[in-house]
Amino acid sequence: MEILILGGGIAGLTTALSLTEFAPKNTPPPRITIFEIRPKPATIGGAVNLTPNALRLLSHLGALQEIRAAKYGAECLAVEVFDLYTNTKIAESSFAGPDGRGLGSPPFTALRITRGEALKGVLKAIEKHPNITLVCGKKTTDINEDADDVRLIFDDESTAEGDILIGCDGIHSVARLKHVEPDRTATYSGICNAFGFAPRRTQSDGSYEPTHFAVSGMNFGRRGILLTSFHSPAQDSIYVGALMQVAAPGVESRDGWKAKGSDATKTRQEMLERYDGAASPLIQHVIEDAADLYLWPVFTLSKTGKWHTDRVMLIGDSAHAMPPQGESTGIVFEDGVLFARCLARWMEVGRQEGVHVKKAFDAYEKLRRARIETAWEESQSVVKTVQDTPWWGHKIKMNVVPWYLWWTRGYREKHFVEDVTTCEIGY
């Protein structure tokens, strides 16, 4: 089977691994070609938290082993929640499990890791599969689909043909905009993630400046949440990220942009003002010391929309982009695995019986749609965190957050222990 994938980011690469891992064992693996528009896979981005369910899937796909071998990321037993103005820890979202070893079977905790290093680990896993080819520097200009196959046309006038096409090319998906649903365009949310990496300060005795968090801390203030986190075992650098309201030229950028010169000064100053009054001096230090500041625009798609045609399927942000809500990366991994399992079932049974491959597409959407729509609803509250809150509102929030995390703990852990490699797919 010939499978084409648009997008050489984390979604496209893990989907290719999933299609290989879950392909029927009694037949040759599908030949998969991934087309990436950039000259090489992009490594720009902040530090994401890979939750237990995400790590479980990366382990199934052979990528977590590569990440561990390279010593990427910092193990995270919990995301701690602090009141910015008192530095009091008010709650935490734990991944430690009852015995401290993690959640699920086998147990996993969480990993705070830069997007670039996560991508490097997945690329190492890709190298071990000769059926997967990554082609960079290919810009798709048109997509043609007929009863027998899908054809890509590139700007250099070359073409590629396959049995199916999977669009993993993100919020500005060519697969969606050129073919599946051209009218479903992305909407800028009005907010950006402003982030950077600050080298950890040392004290007069040569030791590092102490941190109030063990690995990852969410610092709640009146004007939003500032994330401070280690992202490597050495703990010599701190990732700092904040969602901010930004109305600036270039917001339609595919990858976000580095704030330079006066823009960097303005962004840094706004972050300092937004989180002014922090009880811990570390907050000011990491904002001041971040070597480069990036602004990553948050785009969204409508809650509902078309995910596929007869031979083209959208995966990840290309189908359901939403504001970050804590499990965004894990959701993308789940997409790829569940779709691969539905396609494998069709390859084993449906294809032999003359059933069209669209049957697998329909089965995947039926299986996945409700989960995605729930996540979309949950993500909408993220946008509200950048809005100013009066002092009394902040005090109320600091009392409500611990109860909210306690009340929703079971719901969150249900997802953390889930293994979509074995769940019933209903097809």
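Predicted model: local features only at pLDDT ≥ 70, side-chain atom pairs only at ≥ 80, totals over all residues.
Across the whole structure, a search finds 13 aromatic pairs.

W307 belongs to the loop between β18 (293–300) and β19 (312–314), while Y364 is part of helix α10 (residues 358–384), so the pair ties together parts that are 57 residues apart in sequence. W307 has a relative accessibility of 2% and therefore counts as buried. Y364, at 0% relative accessibility, is likewise classed as buried.

Y364 also pairs with F339: the centres of these two rings are 5.7 Å apart and their planes stand at 85 degrees, so this pair is edge-to-face. Because F339 lies in helix α9 (residues 328–350) and Y364 in helix α10, the pair ties together parts that are 25 residues apart in sequence. F339 is buried, with a relative accessible area of 0%.

Elsewhere, aromatic residues are gathered into a cluster, with F195, F197, Y239 and Y294 as its members.

Attention may now turn to the packing of helices. Two packed helices are described by the angle between their axes and the distance between the axes. For helix α1 (residues 10–21) and helix α4 (residues 115–126), the axes come within 10 Å and cross at roughly 30 degrees. Angles under 35 degrees count as roughly parallel, and α1 and α4 are therefore roughly parallel to each other. Their crossing is left-handed. On the side of α1, the contact is made by I10, L13, T14, A16 and L17, and on the side of α4 by A118, L119, V122, L123, A125 and I126. By class, the residues of this contact comprise ten nonpolar, one polar and no charged.

With a relative accessibility of 2%, I287 counts as buried. Leaving aside residues up to four places away in sequence, I287 touches L226, V240, R268, M271, L272 and Y275. H172, by contrast, is 115 residues from I287 along the chain, and the C-alpha atoms of the two are separated by 30 Å.

Technical notes. Residues numbered from 1 in each chain as written. Heavy atoms only, no water. Axes fitted to C-alpha atoms, helices over the stretch in contact; angles between N-to-C directions. Helix = DSSP H or I, 4+ residues; strand = E, 2+ residues; numbered from the N terminus. Parallel < 35°, antiparallel > 145°, perpendicular 65-115°, else oblique. Left-handed = near helix turned anticlockwise from the far one by under 90°. Contact = heavy atoms within 4.5 Å. Nonpolar A, V, L, I, M, F, W, Y, C, P; charged D, E, K, R; others polar. Buried < 20%, exposed > 50% of the residue type's maximum accessible area, 1.4 Å probe, protein only. Phe/Tyr/Trp six-rings, centres within 6.5 Å; stacked < 30°, edge-to-face > 60°.
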